[in-house]
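Visitor: Please take a close look at one kind of side-chain pairing in this model, and go through the examples one by one.

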Amino acid sequence: MDLRSVIDLVEALYAPNDTSSIVLIQKQLQDVQRSENGWLIADSLLEQESINCQFFGALTYTVNLYLHRESLAKNQDNISYETVTQKLLFHFNSICKNPNYSSKQLVVLKKLMSNLAIIYINTYQQWEDPVSTFRMTLYNNSETPIGNEFYDYLTLLFTTLLLEEIHRKLTIDLTDSTEFHKSIHSHLYPCISLLIQSFQNTTNETIIIQWLSLLAALVQYVTQAEIQSTIRYGSLGELFSPLFDFATGRSIEIANKTIEVITLILDTNPSIFPAEINAELEQLIFAGWGGKYLDHILQDKDLNEDAINKYAMMINSFIEPQLLKLLHQLGSNTNDASRKLDSLVELSTVLCKEFIFFWNQFADIYLDEEDILKQKPTWSETQSKVQTILSKLAEVYWRGSHISEDLDYDDDDDEIQDFVSYRRDIGDFYETIYPILKMPLLEHLVSNIVSNLSNANNNSLQTIADIESSLFLIQTLACNFNEDNATSEIYSLLKSILDSGLFETVIQSNNKLLVKTSIQFLTSLDFFYSSQLGEPYLESTLRFLLSTPNEHQIIASKAISSICNDCRISLAPVLPTFKILIDQIVVDPEVKPIIRERIIYSYSSIVQGIRSPSDQANLIHSLLNAIISKAIEVQSQPEFVDYLQSLLSSIEEIGKAMRLPSDVNDWYAPEERDAVYAYWIEDPLHIKKQITEVVKQFTILNPLTSDNYMMNEVCTGILKAGLTEAIPGPFVFDTYSIIDLLNAKISQCFSKNSLNVVPLQYSLLESLIKSSSIGSNLLTTTLQQSCVEYLAIIQQDPDLALCFLNILVVILEKKPGILIKGFLLHNILPFVLESLGSKEKFVLRSGCKFWIKLVTLRKGDKEDSVIIRDMIEHTELGPSLIFKLVASFLMASRSDLENFMELFKVILVKYPLNFKKWFNLAFETINNNQLLKKQIPTSDTVRLGQQLMLTRGSRKVNDLLKKFWLQVNELIEYS
């Protein structure tokens with residue numbers, strides 16, 4: 001391809017284009033980059049005036065540096081790292097010294113710098129000081145460069161990028177890097193150190209910012225070097241001495257960047273700061289500059305939000321390592337620890353959001369150290385001071401949890417989401433400090449609610465905000481209470497809230513947030529309602545929840561479901577009230593589906609708690625009759641299809657609610673269990689037949705709903721509802737009844753070529769196998785009739801293929817003999833082999849999983865294992881499997897490679913004597929049939945086979961196969 005065509009392609013790549021065109025252009029340009037003229041193309045593009053061409057030229061250098069690593073290191077092909085370095089420096093000079101240089105070209109210069117860094121990493125033993133080389137090139141090889149601020153900036157930028165590239169490389173490449181670190185310490189670091197010191201007194205703000213970025217990069221590298229090697233840099237105080245001058249005497253941007261660097265040092269390698277610098281930093285924070293700087297940036301909180309956050313992070317990073325020491329000093333006579341913590345409490349009244357995690361950590365450390373602190377003579381004083389500090393903060397954060405009047409809590413904008421997140425953090429803080437402050441914390445919140453409820457002006461905005469915040473925080477604490485840890489005082493406090501007219505005030509307030517928080521508060525009281533003290537409040541609570549405005553009915557219905565589920569035995573007296581509501585929501589199409597379904601679930605949960613099976617059945621039968629009669633009434637009216645779906649979903653919810661909430665022997669006494677068993681085996685009201693007839697009506701017989709995916713999904717859920725039950729019940733259907741429905745539906749789907757709902761039926765079959773409720777003969781017949789018979793169609797449909805593979809995997813996990821001892825495995829072998837070549841990610845994953853399960857066969861008996869080993873070793877299955885595995889792996893996308901690795905490993909472990917022969921035969925077949933773009937040399941495949949055999953199925957297999965895949969597909973691993 002000529003240069004003009006390449007230039008046109010590059011410009012087209014960066015111009016607006018559709019995705020398919022861009023992919024095609026990228027492919028053409030990648031071929032150009034990797035061609036034998038790659039270096040020449042790179043040079044030619046860098047000589048163009050177009051920034052697009054220049055950048056792509058620099059990028060082409062990057063590609064070729066990785067592509068020709070080995071030949072560059074050996075000085076082959078008439079090109080070496082040294083010649084590439086000279087060319088890159090030439091191009092860099094040409095661009096940055098061009099009179100028409102534009103700041104937009106900085107992106108090109110950065111890419112060239114990155115390439116120089118790559119070369120240094122590969123040639124550090126020869127090219128020991130790239131920074132000096134770079135700087136002398138800029139200054140025309142002058143030993144004493146005359147100041148040029150642009151060149152100085154570029155030198156600092158190059159040094160920063162160099163350190164960042166080294167850090168990135170050493171993070172990815174975990175091979176021994178000791179010699180590299182030694183070279184940097186001996187040769188590169190002294191130059192960088194001099195460079196940093198030479199700009200300590202500069203006044204140019206752009207250079208100061210870049211100087212600070214260089215410090216940050218150096219900190220990251222030094223930290224990494226000290227972890228990866230025995231090199232120690234110790235205190236670097238002389239390099240960092242001007243930091244505080246930059247923080248105190250410059251613009252907010254520079255102060256911000258300085259604070260960022262200080263925080264980085266404190267977080268990653270605080271030993272860089274000598275003791276005197278730490279003392280100076282403490283003085284700055286707690287006396288003088290800190291307060292003034294904070295006052296300055298708080299003048300415009302929105303504009304300086306980033307600066308405020310970084311300032312708070314710096315203080316956090318400085319104080320956090322001292323927390324343990326401060327705690328142990330808190331009870332002593334010295335007031336240093338108290339002074340610091342009091343200052344931070346004061347600071348937190350202004351920056352409460354920024355310090356909440358700090359105080360959380362403070363409380364956590366205190367709790368961890370409590371036993372040790374108790375042994376000290378100053379324990380009483382320490383405990384008192386900690387409780388005083390946390391009590392003050394509890395008040396600060398209680399106020400912080402109030403939503404401001406100008407925020408609409410129903411909005412979904414960033415501001416309200418930030419507040420919701422912060423409020424959640426406040427809740428976490430209260431959870432953390434509760435074990436320290438204990439009852440006084442809860443008493444204070446409850447007292448606030450009770451006093452505000454008794455206030456004659458309890459409808460004012462301030463009163464409502466106080467009540468709402470306190471309810472929110474009590475709800476957060478109550479989530480951690482249960483029957484085992486809730487004391488009598490806690491029960492009494494919660495009772496006092498419900499006795500104080502909470503429900504009436506909430507309803508009268510018409511405040512959306514208060515209603516919502518009250519509902520969430522009530523939802524958290526399951527332990528309370530389950531107690532003798534709380535049981536009398538169940539009915540009034542449910543009536544309140546049922547009476548909440550329509551806009552809150554969704555969360556109210558969720559609360560009702562939760563309470564009914566947890567307190568079902570105590571709620572039987574409420575059933576008549578519920579039934580009135582049930583009768584209304586069943587016949588009203590305007591009721592939101594989720595509300596209808598949750599209310600019916602709640603009602604059914606209470607019914608499940610009734611001990612008499614006949615009483616249960618009568619109530620369920622009545623409810624089903626109401627739902628089914630309404631469903632039949634609207635079954636032919638398309639405008640009611642969503643309503644009809646909700647009615648059927650309500651039947652599914654009944655099934656879920658009727659499941660035993662615990663083990664059958666824990667829930668029922670032996671005589672009760674026997675009575676339930678006998679009743680539902682007989683099923684005198686024919687409830688199970690009534691339900692299966694409904695499923696048949698709406699999945700098979702009704703033309704309006706039989707092809708409706710959502711309707712079929714609900715009906716499948718109805719049939720699944722009782723599969724996990726250990727005792728007969730209204731939704732524990734006879735397996736033959738389910739299979740008859742399943743086979744009839746699948747037959748209908750394939751005959752009508754309406755396949756969208758078949759995956760639901762296969763999912764039902766999978767659930768039956770998992771629940772072990774289907775016998776071997778029935779399962780074999782069903783698989784043949786509803787799966788194998790349609791295998792040609794299944795193989796062409798990724799959704800069906802995935803479902804069938806999932807069924808086969810479950811069979812291998814549960815009952816492998818069904819596949820292995822009969823004829824089924826022979827019938828499906830072509831299908832499961834082809835699944836390894838699927839381009840559908842999930843089909844491929846399940847296909848590999850099938851073969852892993854079959855090869856390892858952990859659930860099979862001895863006869864199963866003998867049959868499989870004989871098939872793999874003494875038929876064409878072994879060679880066919882390896883051929884398909886190898887060919888599919890080599891032609892797979894990079895993102896799919898991991899799926900194949902485990903299968904390679906298990907075959908290597910299970911069949912080591914055959915693997916090598918099959919492996920070589922697979923490559924011979926691939927080459928003979930020209931399945932890949934290029935022939936793979938036999939020497940390469942033999943060597944790979946030998947290397948894989950040596951791994952014995954270890955993790956090393958992944959590395960070998962990935963490297964070979966990259967080689968075959970002519971791709972580069974950029975690491």
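Guide: The model is a predicted one. Glu873 and Arg869 form a salt bridge in which the closest N and O atoms are 2.9 Å apart. Both belong to helix H47 (residues 862-874), where a spacing of four residues puts about one helical turn between Glu873 and Arg869. Glu873 is partly exposed, at 26% relative accessibility, and Arg869 is also partly exposed, at 33%.

Helix H33 (residues 613-634) holds another pair, Lys630 and Glu633, which are three residues apart and so separated by about one helical turn. Their side chains meet in a salt bridge, with 3.1 Å from N to O. Lys630 has a relative accessible area of 15% and is therefore buried, the limit being under 20%.

Next comes a pair from separate elements. Lys841 forms a salt bridge with Asp896, and the closest N and O atoms are 2.9 Å apart. This pair links distant parts of the chain, 55 residues apart: Lys841 lies in helix H46 (residues 841-856), while Asp896 sits in the loop between helix H48 (877-890) and helix H49 (897-910). The two ends also fall into separate accessibility classes: Lys841 is partly exposed, with a relative accessible area of 31%, whereas Asp896 is buried, with 6%.

Salt bridges also occur here as a network, which links Lys257, Glu260, Asp306 and Lys310. For the model as a whole, the count comes to 35 salt bridges.

Key: Residues are numbered from 1 along each chain as its sequence is written. This is a predicted model: local features need pLDDT of at least 70, side-chain atom pairs count only at pLDDT 80 or more; totals for chains, interfaces and linings use all residues. Side-chain values use heavy atoms; hydrogens and water are left out. A salt bridge is a side-chain nitrogen of Lys or Arg within 4 Å of a carboxyl oxygen of Asp or Glu. Helices (H or I, at least four residues) and strands (E, at least two) are DSSP runs, numbered from the N terminus. Buried means under 20% relative accessible area, exposed over 50%, partly exposed in between (1.4 Å probe, protein chains only).
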